[in-house]
Amino acid sequence: LSDLTARALAALDRDRLIDDLGRLVRVPSQTGAERRAVECLAELCAEHELTAAVHEHDLAALRAHPGYPGEEAERHELVGLEATLPGAGRPEAAGAEPAASARRLCLAGHLDVVGPGAAPWRHGAWSGAIDDGAVYGRGALDMKAGVVAAVHAIAAVKAAAGAAGPPCEVVLLGVSSEEDGGLGAFAALERDDRFDACLIPEPTDFRTICAHGGALTVRGVVTGVSAHAAFRLSGISAIDRYIPIHAALAEVERAINEHVEHPLMAELELPYPVLVGQVRAGSWSSQVPDRLEFDARIGVPVGMGKAEVRAMVEDALAVAARPGPPVELRWVGGQFGPGSTDADHPFARLVTGALDAELPVARRPARQAGISYGADMRLFTERGIPCVMAGPGDARLAHAVDERVRIDDVLRTARMIVRTIVAFGEEHAR
Ligand SMILES: [Zn+2]
């Protein structure tokens with residue numbers, strides 16, 4: 001344990017951490033309406049004497065960008081925060097590069113949250129209530145706890161480093177629009193992507209997530225020939241034609257999950273799900289349906305390109321539709337690629353080590369894992385920035401009623417981030 005780590009861990013203030021989390025949870029920030037939460041985060045940064053800027057991104061330019069990741073929520077503006085703790089740089093030995101070359105660590109977190117749902121909450125959805133050792137409210141776990149823990153960790157490292165400055169530059173990105181595709185992180189990275197590594201403190205149950213699958217949304221139309229039910233032999237049912245198409249999609253799922261190469265993804269029961277989530281067909285019982293529409297979500301394996309998966313689906317459905325007319329396919333809505341950082345990468349090992357130092361003995365050693373759903377992580381790894389996710393609580397609680405995060409886990413997250421910042425800086429200084 002380095003001196004700087006010990007001093008920074010001692011500088012963390014548990015009560016203030018929980019107060020700040022409650023404040024941020026009490027600001028509703030459903031995807032598309034994040035401005036007030038971004039402004040609240042800017043206030044928190046200022047109170048911790050961190051320099052923060054709120055950026056208004058150019059939505060029209062982003063929507064026209066070839067790398068545009070898509071979006072689903074209604075949106076009139078896109079706001080994000082960037083806070084920077086400048087690094088002291090390397091010791092300036094003779095011939096060393098100047099301090100300006102200090103490595104930069106990004107801590108990224110989203111401020112948007114999903115809706116509260118229709119079921120009643122034990123405490124209000126935006127209560128920030130403290131009960132039974134946990135902070136309650138939509139977004140408490142996913143992922144305002146991680147964002148507030150990052151602010152406190154950066155401030156603690158700043159206080160502990162004093163005039164000497166921290167051993168690396170740390171940049172906090174507070175982004176919008178994660179839940180509907182990642183436009184906020186995409187916009188932030190278009191402004192500034194000079195990062196040597198990134199940690200996203202999403203809820204991962206304190207595992208280091210090194211890989212996640214992607215997801216493509218596709219809409220298909222199957223056509224038939226209408227006829228009265230009494231003369232159905234003179235028609236062609238679009239529903240009957242869909243049955244082999246449904247089976248072909250199941251076969252795609254089987255194929256992409258058959259030989260899973262990534263060892264962490266291979267541990268999952270179903271690494272790359274394919275799901276038909278909606279089917280619409282027919283108008284009444286006595287008419288042969290001449291049209292069926294379906295919406296499907298297709299997993300994208302780590303190591304495969306989006307285009308490759310699209311071609312695989314298109315080929316499979318072309319065969320399944322014979323001898324009738326082809327299925328019309330449109331790739332609409334979210335089009336997310338997979339993301340991965342080598343589990344042996346020094347940064348993945350560093351974060352896992354920081355987790356290991358903070359987990360209770362019974363939960364050690366800290367584990368690395370892959371997950372089957374997409375996240376902002378891919379936007380970093382696509383740019384060659386090593387990126388992992390690690391944070392508190394079970395992601396399955398994240399979008400549920402009575403979402404909450406344990407206070408002990410929020411503090412544990414801040415401590416894990418302190419260790420990550422200092423170890424990242426000092427690793428380079430050695
Ligand atoms: Zn999240």
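This is a predicted model: local features need pLDDT of at least 70, side-chain atom pairs count only at pLDDT 80 or more; totals for chains, interfaces and linings use all residues.
Q: How many aromatic pairs does a search of the whole structure find?
A: It turns up 2 aromatic pairs. One of them is Tyr 242 with Phe 294, a tilted pair at 5.4 Å centre to centre with 45° between the planes.

Q: Where do Tyr 242 and Phe 294 lie?
A: Tyr 242 is in helix H7 (residues 238-256) and Phe 294 in strand E11 (residues 291-300), so the pair ties together parts 52 residues apart in sequence.

Q: Is Tyr 242 buried or exposed?
A: Buried, and Phe 294 is buried as well.

Q: OK, and what about the rings of Phe 347 and Phe 424?
A: Their centres are 5.8 Å apart and the planes sit at 85°, so that pair counts as edge-to-face. Phe 347 belongs to helix H10 (residues 346-358) and Phe 424 to helix H12 (residues 407-429), so parts 77 residues apart in sequence get tied together. Both Phe 347 and Phe 424 are buried.

Q: Which charged end sits over the ring of Phe 424?
A: That of Arg 103, 4.0 Å from the ring centre. Over the ring of Trp 331 you find the charged end of Arg 310, 5.8 Å from the centre.

Q: Switching to the sheet: what's the order of the 3 strands?
A: E4-E5-E16, an open sheet with antiparallel pairing. Strands E4 (130-131) and E16 (404-406) each have a single partner strand, so one side of each has no neighbour in the sheet.

Q: Which helix packs on the sheet?
A: Helix H5 (residues 140-161), which touches E5 and E16 and makes about 50° with the direction of E16.

Q: And what is the bridge partner of Ile 130 in E5?
A: Val 135. E4 and E5 are joined by 2 bridges.

Methods:
Residues are numbered from 1 along each chain as its sequence is written. Side-chain values use heavy atoms; hydrogens and water are left out. Rings of Phe, Tyr and Trp (its six-membered ring) pair if their centres lie within 6.5 Å; planes under 30 degrees apart count as stacked, over 60 as edge-to-face and the rest as tilted. Helices (H or I, at least four residues) and strands (E, at least two) are DSSP runs, numbered from the N terminus. Buried means under 20% relative accessible area, exposed over 50%, partly exposed in between (1.4 Å probe, protein chains only). A charge sits over a ring if NZ of Lys or CZ of Arg is within 6 Å of the ring centre and within 35 degrees of the ring normal. Two strands pair if DSSP finds at least two bridges between them. Contact means heavy atoms within 4.5 Å. Axes are lines fitted to C-alpha atoms, for helices over the stretch in contact, and angles run from 0 to 180 degrees between N-to-C directions.
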